[in-house]
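Please go through the model below with me, taking helix packing, aromatic rings and backbone details in turn.

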Amino acid sequence: MRKVMAILICALGCLAGRAQGVQDFASRLMERCADDTAIYCITISPKMMEQLAMKQADDRKEEMMARAIQKLKSARIITASTKADHYYGIAEELLERNKQRFHHGDDYRNATAYGSFYTRNGKGGTMVELILLHADQKKDNMVVVNLTGDLDEEFVETLRENFSGNRKVREGDHGGGQK
């Protein structure tokens, strides 16, 4: 009887732990492409983000980015070195299948690249995850930047400004990735 109770307690503990640890988009995408050797994921540790935040900030924009970096819980970068449109389509399909979880934001496009922003809100409506999909058709590579933490609109807007040379496209035109 004790053995059964111990197993039951362990099983419940595992289930509770799994329910609390919500899987981010990068994890889901890497699971989807698990057998694919052309796609890689790099996780930037909280310690490395802390070092980035401590870097001397010269102007207001850099100071704001340093404060935002301090609020990040994780940063994961996924790259595909080939077939940009293909991998962009896989990522976009995964986001679309989970549209109750991820909100589609702005799209952008220029002569050689396109991309989209997606966000996920946590309980209470605060933004807890930001996903940037980016495909470079000239270089034929794709990048996903997945940030989690205490994110705010000012931080997201600063990231969008970094793409100011890109033409914003209307919502619904997801940048041109193949589906």
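Q: Is the crossing of α2 and α5 left-handed or right-handed?
A: This is a predicted model in which local features need pLDDT of at least 70, side-chain atom pairs count only at pLDDT 80 or more, and totals for chains, interfaces and linings use all residues. Residues are numbered from 1 along each chain as its sequence is written, and side-chain values use heavy atoms, with hydrogens and water left out. A crossing is called left-handed if the near helix is turned anticlockwise from the far one by less than a right angle, and right-handed if clockwise. By that convention, the crossing of α2 and α5 is right-handed.

Q: At what angle do α2 and α5 pack?
A: Axes here are lines fitted to C-alpha atoms, for helices over the stretch in contact, and angles run from 0 to 180 degrees between N-to-C directions. The axes of α2 and α5 lie 10 Å apart, and the angle between them is about 120°. That makes α2 oblique to α5, since angles under 35 degrees count as roughly parallel, over 145 as roughly antiparallel, 65 to 115 as roughly perpendicular and the rest as oblique. The packing angle is about 120°.

Q: How many aromatic pairs does the structure hold, and which residue pairs with Phe-25?
A: Rings of Phe, Tyr and Trp (its six-membered ring) pair if their centres lie within 6.5 Å, and planes under 30 degrees apart count as stacked, over 60 as edge-to-face and the rest as tilted. The structure holds 3 aromatic pairs, one of them an edge-to-face pair with Phe-25, at 5.8 Å centre to centre and 80° between the planes. This pair links distant parts of the chain, 77 residues apart, with Phe-25 in helix α2 (residues 25–32) and its partner in the loop between α5 (84–97) and β3 (103–109). The structure thus holds 3 pairs, and the partner of Phe-25 is Phe-102.

Q: Is Phe-25 buried or exposed?
A: Buried means under 20% relative accessible area, exposed over 50% and partly exposed in between, with a 1.4 Å probe and protein chains only. Phe-102 has 4% relative accessibility and counts as buried. Phe-25 has 0% relative accessibility, so this residue is buried.

Q: Why is the pair of Tyr-108 and Phe-117 tilted?
A: Tyr-108 is buried at a relative accessible area of 4%, and Phe-117 is buried with a value of 4%. Their ring centres are 6.3 Å apart, and the pair is tilted because the planes stand at 55°.

Q: Where is Lys-83 found?
A: Although Lys-83 is not a glycine, its phi is positive, at about 55°. With 44% relative accessibility, Lys-83 counts as partly exposed. Its place is the loop between β2 (72–80) and α5.

Q: What is the phi of Asp-140?
A: Asp-140 sits in the loop between β5 (127–136) and β6 (141–151), and at 32% relative accessibility this residue counts as partly exposed. Asp-140 is not a glycine, yet its phi is positive, at about 55°.

Conventions. Helices (H or I, at least four residues) and strands (E, at least two) are DSSP runs, numbered from the N terminus.
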